[in-house]
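Here is a short briefing on one protein model. Keep the coordinates open while you read.

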Amino acid sequence: MFSLIRLFLSSAVVSALTYNGVDWSSAIVEEDSGISWTDTTGSSQALEQILVDNGVNIVRQRVWVNPSDGYYNLDYNLELAARAQAVGISIYLDLHFSDTWADPSNQDIPSGWPTDIDGLSWQLYNYTMDVSDAFQSAGIQPEIISIGNEIRAGMLWPIGKYDEMYNLARLLNSAAWGIKDSSLTTQPKIMIHLDNGWNWDTQEWFYESVLAEGPLSTTDFDVMGVSYYPFYDSDATLSSLESSLNNMISTWGKEIIVAETDWPVSCPSPAYSFPSDLQDIPFSAGGQVTFVQRVADVVSSLPNSLGTGLFYWEPAWVDNQALGSSCESNTMFKWPGQELSSLSVFSEI
């Protein structure tokens with residue numbers, strides 16, 4: 001059993017943010033390995049019930065195409081999404097367009113997919129339509145669908161790599177229109193998601209470059225999603241994030257969501273210096289509260305109410321507490337015996 005570290009946010013944030021979310025993609029993986037969770041009273045609960053009881057109103061789920069073990073494939077995600085919907089939680093699908101992790105260092109074409117731009121564009125259109133149709137058939141209407149995951153360096157390499165911007169623009173257009181042409185009765189918001197949301201130069205270069213090619217239009221997507229991880233670069237200051245997101249809105253006028261973020265409760269040997277304006281935040285459950293409050297305040301303060309959401313990445317993946325970072329633990333659930341304060345997860349976000 002793993003106990004919840006609760007996280008409170010201010011009532012001012014509650015009224016401002018539409019999406020108070022977490023990524024819970026690994027819930028079934030954890031359960032299959034024998035993991036279960038308890039709420040702050042010590043009662044064993046399904047993870048989705050703990051999340052909804054503590055203010056989470058939407059969950060993010062990564063979708064892989066043909067994973068070797070079946071985890072994170074379409075059927076896995078339909079099962080997981082049905083559980084979230086049953087307790088009133090909305091769904092954000094994060095389509096990786098790969099059989100495994102897709103990120104700035106990995107964007108491999110799924111097995112069996114074409115490797116020419118014409119064939120790949122057609123395959124991608126049909127894939128996003130098929131995924132959307134499957135959710136419609138299951139009676140689940142996703143709120144958000146991301147066409148790619150952290151695609152700063154492109155996707156579906158090498159065809160859609162960053163140095164093939166025309167191809168990338170064409171692929172994104174195909175992915176978006178597969179969703180738009182699907183049988184979903186409620187049109188989800190379509191997101192493009194990049195990492196390094198704090199870096200305006202990166203965001204400006206990517207969107208100016210890909211939109212200049214022609215096939216992709218600003219009307220093809222609704223949301224610009226960003227990742228914001230403070231432990232990978234000392235330049236990833238909160239003030240830089242605020243400036244970058246404001247520039248994105250003033251340039252393109254799109255809805256903004258922080259699609260991934262987290263903060264450690266333990267980080268004895270960080271690989272990089274933490275940003276200067278976050279160094280006052282402790283590595284603790286209380287520090288998670290402060291960090292998420294500060295990021296949420298940045299998002300909720302964006303102009304024209306275009307900052308709509310924040311998603312904490314995999315707070316319950318206790319078998320992988322580092323969550324890919326050099327910090328020992330970034331989750332919001334504690335191992336038995338850990339001395340961590342009992343706060344609440346996203347209650348009142």
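Eight strands form a closed barrel with parallel pairing, in the order S3-S6-S7-S8-S9-S10-S11-S12. Neighbouring strands of this sheet are turned by 25 degrees against each other on average, direction ignored. The model is predicted: local features need pLDDT of at least 70, side-chain atom pairs count only at pLDDT 80 or more, and totals for chains, interfaces and linings use all residues. Residues are numbered from 1 along each chain as its sequence is written, and side-chain values use heavy atoms, without hydrogens and water.

**Barrel strands**
- Strands (E, at least two residues) and helices (H or I, at least four) are DSSP runs, numbered from the N terminus.
- S11 and S12 pair in the parallel sense over four bridges; pairing requires at least two DSSP bridges between two strands.
- Ile-257 has Gly-309 of S12 as its bridge partner.

**Helices over the strands**
- H5 lies across strand S6 (58–63), strand S7 (90–95) and S8, at about 160 degrees to S7.
- H8 lies across strand S10 (223–228) and S11, at about 170 degrees to S10.
- Axes are lines fitted to C-alpha atoms, for helices over the stretch in contact, and angles run from 0 to 180 degrees between N-to-C directions.

**Helix H6**
- H6 (residues 165–180) has 16 residues and should span 22 Å at 1.5 Å a residue; its end C-alpha atoms are 22 Å apart, which agrees.
- The expected span is 1.5 Å times one less than the number of residues.
- Its buried residues include Met-165, Leu-168, Leu-172 and Ile-179. Buried means under 20% relative accessible area, exposed over 50%, partly exposed in between (1.4 Å probe, protein chains only).
- The cover over the buried residues of H6 includes helix H5 (117–137), strand S8 (144–147), strand S9 (189–194) and helix H7 (200–211).

**Leu-245**
- Leu-245 sits in helix H8 (residues 238–252) and is buried, at 0% relative accessible area.
- Leaving aside neighbours within four places in sequence, Leu-245 is in contact (heavy atoms within 4.5 Å) with Gly-197, Val-226, Ile-256, Val-298 and Leu-302.
- Trp-200 is 45 residues from Leu-245 in sequence, yet 7.7 Å away in space, C-alpha to C-alpha.

**Disulfide**
- The whole structure has one disulfide, defined as a pair of cysteine sulfur atoms within 2.5 Å.
- Cys-267 and Cys-327 form it, with sulfur atoms 2.1 Å apart. The link is left-handed, with -60 degrees about the S-S bond.
- Cys-267 lies in the loop between S11 and H9, and Cys-327 in the loop between S12 and S13, so the pair ties together parts 60 residues apart in sequence.
- Cys-267 is buried at 7% relative accessible area; Cys-327 is buried at 1%.
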